[in-house]
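I opened the notebook to record what I looked up in this structure, a few places at a time. The entries follow in the order in which I took them.

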Amino acid sequence: MQSKSIEQLENDYWKEPSEFPTNLVKRCFEYRKIKVSELTIEQIRLLISQKIGIEFLIGIALEKLEQNIIVEGDLYEGDLLDSVSKVPAEFWNKNSTEFLNFKNTFESNKEKIISELGEKEYERISERIKASC
């Protein structure tokens, strides 16, 4: 699975437009063509935040968060955690094992999250997780 791109896994090949409406759309188009195993933290973060290929990326994202809960892409410390915490409840409802893994990883890193990102950010993410239960 990781040797394929999201577009191969989904068997959904987007037609390349002559011009992209935004840089974000262009990056999503490009990232969908990269082998899943070769995606960077930032590429995974961006695709998850745009709800693209979540079912193929969530396992990798969770592994990255287990290694470092506040791992960052190009935005800020903890941006991958923030993006994963915004994954729709509908996805988590169909993927309860992954949800429990995410919830446990989040809870077991409470002190690190609070010390690095602050109490407010911890509470904000915690509320999102509770809302997804």
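I began just after helix α3, where lysine 51 takes a positive phi of about 60°. I note that this is a predicted model, and I read every value below as computed from it.

From there I went back into α3 itself, which spans residues 41–49, and asked how many of its nine residues are buried. I found that eight of the nine are, so the helix is largely enclosed by the rest of the structure. The buried residues I listed are Ile41, Glu42, Gln43, Ile44, Arg45, Leu46, Leu47 and Ile48. I then looked for what covers them, and the cover includes α1 (6–10), α2 (23–31), α4 and α5.

Is aspartate 79 buried or exposed? I have it at 1% relative accessibility; buried means under 20%, so aspartate 79 counts as buried. Not counting residues up to four places away in sequence, aspartate 79 touches Glu42 and Arg45 as well as Val71, Glu72, Gly73 and Asp74. Glu42 and Arg45 are themselves among the buried residues of α3.

Glutamate 66 is partly exposed, with a relative accessible area of 44%. Which residues does glutamate 66 contact once its neighbours within four places in sequence are left aside? I found Asn101 and Thr105. For asparagine 101 I noted a separation of 35 residues in sequence from glutamate 66, against 9.2 Å in space, C-alpha to C-alpha.

My last entry concerns helix α7 (residues 96–108) and its pairing with helix α9 (residues 119–132), whose axes come within 11 Å of one another and cross at roughly 155°. Angles over 145 degrees count as roughly antiparallel, which means that α7 is roughly antiparallel to α9. I recorded the crossing of these two helices as left-handed. On the α7 side of the contact I listed Phe99, Phe102, Lys103 and Phe106, which meet Tyr122, Ile125, Ser126, Ile129 and Ser132 in α9. As a reminder to myself, an α-helix has 3.6 residues a turn, so residues three or four places apart point the same way.

How values were computed:
Residues numbered from 1 in each chain as written. Predicted model: local features only at pLDDT ≥ 70, side-chain atom pairs only at ≥ 80, totals over all residues. Heavy atoms only, no water. Axes fitted to C-alpha atoms, helices over the stretch in contact; angles between N-to-C directions. Helix = DSSP H or I, 4+ residues; strand = E, 2+ residues; numbered from the N terminus. Parallel < 35°, antiparallel > 145°, perpendicular 65-115°, else oblique. Left-handed = near helix turned anticlockwise from the far one by under 90°. Contact = heavy atoms within 4.5 Å. Buried < 20%, exposed > 50% of the residue type's maximum accessible area, 1.4 Å probe, protein only.
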